[in-house]
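Hi there,

Here is the structure I promised to pass on. My notes on its helix packing follow below.

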Amino acid sequence: TRSTRPQRMLKAVQKNGTKGNPESVISAIDYFCKHSEWAMNVGDEKGSILDSVVTEVNPSTVLELGTYCGYSTVRIARLLSPGTKLITLEFNPVNAAVARQIIAYAGLQDKVILVEGSSGDLIPQMKERFGIMTFDFIFLDHWKDRYLPDIKLFEECGLLRKGSVLLADNVICPGTPEYLEYVRNSPRYESKYYPAHLEYTKVEDGLEKSVFLG
Ligand SMILES: O=C(NCCCCc1cc2ccncc2s1)c1cc(-c2ccc(F)cc2)cc(O)c1O
Ligand SMILES: [Mg+2]
């Protein structure tokens, strides 16, 4: 059967990247998306904002919802302190298989736990399966209509602490209006919008950073 876009992206990483060099993997993916095929990675413009928030938070416990090909996984993992691991959830097994290879090519496999399944099923299992008390940093980049139910799930499962930072991709395009309304109007969050553009395009998009106030 015909290859998938993520599989063609992996080939481009193996051809143009340098094994063990996360920066080269990030550049190879961005080049592929700009010159060969658009793909829904967070991209370089929003990726730089992601980098700055991760660096500022310097998290010990990290969750990513929506691995896709592992682009943002690599961006986050390359910035984590030694010994810190990030958990990333992916629903699509074909994409998860590609992500594992891209993460390994970057040399970051020891800093990443990739779990296949849906957030609704896996979030309630975080404490028992991974010994997580609370998350310092959460990157939301999965189904846009799951952002709101999943943030409520985090609250219900006691996975947030005073100061936990949630960073959400695509709050403008494709858009997450109910999530935005919730985090911007809830007294339990301090929210800030980072304007940018949809990856590799001129279309308006941005990231919403929300700090849980306890
Ligand atoms: O859908 C997007 N991303 C989610 C993929 C869903 C994968 C999932 C992972 C997972 C893990 C755990 N539980 C459940 C799930 S579901 C997405 C789409 C666009 C876009 C923008 C304009 C377009 F014209 C066309 C696409 C841009 C983006 O940056 C995206 O992130
Ligand atoms: Mg996205």
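At what angle do helix α8 (residues 147–156) and helix α10 (residues 177–185) pack? The angle is about 40°, and their axes are 8 Å apart. That makes α8 oblique to α10 (under 35 degrees counts as roughly parallel, over 145 as roughly antiparallel, 65 to 115 as roughly perpendicular and the rest as oblique). Axes are lines fitted to C-alpha atoms, for helices over the stretch in contact, with angles from 0 to 180 degrees between N-to-C directions. Helices are DSSP runs (H or I, at least four residues), numbered from the N terminus.

Tyr 147, Leu 148, Ile 151, Lys 152 and Glu 155 of α8 touch Glu 178, Tyr 179, Tyr 182 and Val 183 of α10 (contact means heavy atoms within 4.5 Å). By class, this contact has 6 nonpolar, no polar and 3 charged residues (Ala, Val, Leu, Ile, Met, Phe, Trp, Tyr, Cys and Pro are nonpolar, Asp, Glu, Lys and Arg charged, the others, Gly among them, polar).

Helix α1 (residues 5–16) packs on helix α5 (residues 93–105) at about 10°, with the axes 9 Å apart, so α1 is roughly parallel to α5. Here Pro 6, Gln 7, Leu 10, Val 13 and Gln 14 of α1 meet Val 94, Asn 95, Val 98, Gln 101, Ile 102 and Tyr 105 of α5. These residues divide into 7 nonpolar, 4 polar and no charged.

This is a predicted model, where local features need pLDDT of at least 70. Residues are numbered from 1 along each chain as its sequence is written. The chain averages a pLDDT (the predictor's confidence in each residue, from 0 to 100) of 98.

Best wishes

Methods
Chains are lettered from A and ligands numbered from 1 in the order in which they are written. This is a predicted model: local features need pLDDT of at least 70, side-chain atom pairs count only at pLDDT 80 or more; totals for chains, interfaces and linings use all residues. Side-chain values use heavy atoms; hydrogens and water are left out. Helices (H or I, at least four residues) and strands (E, at least two) are DSSP runs, numbered from the N terminus.
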